[in-house]
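Subject: Structure handover

Hello,

Here is the structure I said I would pass on. My notes follow below it.

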Amino acid sequence: MASHADRRSRMNSTDNSIHNSTDVSPPPPTGLSKVEQAKADLCGLDLAPRLAELAAEGWDSLDEATLTIRLKWLGIFFRPVTPGRFMLRLRLPNGVIRSEQLEVLAEAIDRCGEHGSADITTRQNLQLRGLLLEDMPPLMEAMQRVGLTSRQSGHDNPRNITGNPLAGIDPEELIDTRPLVAAIQSRLLADAGLRNLPRKFNVAVGGAPDSFLLHNDLAFLPAPHPQDPAAPLGFTVMVGGFFSAQRNELAIPLGLWLRPDQLPDFTLALLHHYVAHGNRVQRNRSRLMYLVDELGLEAYRSAVAKAYGALAGVPASAPLPHDGAHLVVRAPRDGLGLQAQKQAGLHWAGLHVPMGRLDAASMLELARLARDHGSGELRLTEAQNVLIIDVPADRLDPLRAEPLLGRFRLEPGALQAEAVSCTGNRYCSFALIPTKSTAQAVIDELERRLELPHAVRTHWTGCPNACGQPYMGQIGLMGAKARQDGQMVEAAKIFLGGAMDGDPKLAELHDKGVPLSELSDVLETLLVERFGAQRRVAS
């Protein structure tokens, strides 16, 4: 095993081969960043046949680009905070997972002992933590046997495609998003598909009146036909939403309307255009909205329509002009509790998973509950919770009695219900604070002190990269540093006013740094003054 000094030396080298050597790679061509050069030298997908070999030789034999960039094309993430222990990010289109699939993942986490855990993400997905590199080849094989993949789930790839977590069972459903999400993923991940985007890319499909998706690079929102109100629903196209340390934007109308069957080809065509024209020189200006700004919305719309026409073999005018109006008019439901499905006699059970964190035992129990009380299918939500679906009426009481529901509650408190958190500094080297544990402690304390008339959505993120989406929260919190009694201490910026309803807006900065030791007191005052909370009478 290499020493830490040797390891640091190799991590600082510019060698872009799979293994380290004494050769010095030439500098990147003028105008091409180091990351783009590494991607051009070797696509991470080409590592798949050699994964067992690389694992056998050891993670610390890999060069920096392979370790920190290329492995992410397989969904494998090196974590500098826990060197030698890796994260694996799954692809779970529309947040759908079956019991037998969850059991395979739980068994992998269980073998990691105290290092193993899993997080539900804000993209209806799962991230497994604590894995060794040598765990990956057998896990990939086991996943393939049950229909799971982690392909292209990180770095400059199209990320997990999201949809209505209640698709197919929702009494308020406008369009079932599951087949559409699956078709888009199949199109994008085909062997001849996209392998090298300028940056990561988020795609989502809305299917209900509460499908807020404007934080995505590409979002399809249900909308009536622009010329024939009696025709089946289609989708208006929204583009350019993203959060980053430099800029935060909600998606804007592209001005086009599509039939459901047009979504896969249109997505692929738009991404082909992005591959050809996206910024590969300045990574902080390479998200899609910068390209829209550069070309202008009208020129961008025309170019994408032309690319779609060429790909699909239809006239460039095939996507119909549209004013961007859509049928998403409410903030997302939390989906928690026991609720009736549109199928007579069946229900879903929405369970709150505190901060989205799972261990192997709870994953196995969730799989068992879904199989014993429902159809064996579960859904993951963007609020980091889990739904067990297809529960008959005669199984509701036995399900309520299950011990796991004492921990994953059907009816959590008003702050707990919609609290969302990134992973924090336990696993992420960018995070400035321990978000999950801090959020849990603060929320527990506030719910002890206060009674709230309604749920308040809080979003916690460890750093300005905004993985926890603080700008979407009614209250958003971002890791920071602040001075307290002459010392720099862990703190949180506070953002207020995020809305995900028919009049969406991003939260704005309210306080640039509250020490974590004072955060409960500051938030208590805000909740009383702005959200109608009442202080509990001390007993």
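Which residue in β22 does Lys-481 stand opposite? Lys-481 stands opposite Glu-490.

Some background before the rest. This is a predicted model, in which local features need pLDDT of at least 70 and side-chain atom pairs count only at pLDDT 80 or more, while totals for chains, interfaces and linings use all residues. Residues are numbered from 1 along each chain as its sequence is written, and side-chain values use heavy atoms, with hydrogens and water left out. Helices (H or I, at least four residues) and strands (E, at least two) are DSSP runs, numbered from the N terminus.

Strand β21 covers residues 475-484, and eight of its ten residues are buried (under 20% relative accessible area, with a 1.4 Å probe and protein chains only). Two strands count as paired if DSSP finds at least two bridges between them. With strand β22 (residues 487-496), β21 pairs in the antiparallel sense over ten bridges. The two form a hairpin with two residues between them, and Asp-485 in the turn has a positive phi of about 55°. Strand β20 (residues 458-461) runs parallel to β21 and is joined to it by four bridges; Thr-458 stands opposite Ile-475 there.

The five-stranded sheet

An open sheet of five strands has the order β1-β2-β5-β4-β15, with antiparallel pairing. Its edge strands, β1 (76-78) and β15 (357-358), each pair on one side only. Between β4 (residues 117-120) and β5 (residues 126-131) there are four bridges, and Ile-120 stands opposite Leu-126 in β5.

Two helices lie across strands of this sheet. Helix α5 (residues 99-110) lies across β4 and β5, at about 25° to β5. Helix α6 (residues 136-145) lies across β1, β2 and β5, at about 15° to β2. Axes are lines fitted to C-alpha atoms, for helices over the stretch in contact (heavy atoms within 4.5 Å), and angles run from 0 to 180 degrees between N-to-C directions.

Helices α8 and α10

The axes of α8 (residues 263-277) and α10 (residues 297-312) come within 8 Å and cross at roughly 120°. The pair is therefore oblique, since angles under 35 degrees count as roughly parallel, over 145 as roughly antiparallel, 65 to 115 as roughly perpendicular and the rest as oblique. Residues in this contact include Phe-266 and His-273 in α8, and Tyr-300 and Leu-311 in α10.

Regards

Notes:
Buried < 20%, exposed > 50% of the residue type's maximum accessible area, 1.4 Å probe, protein only.
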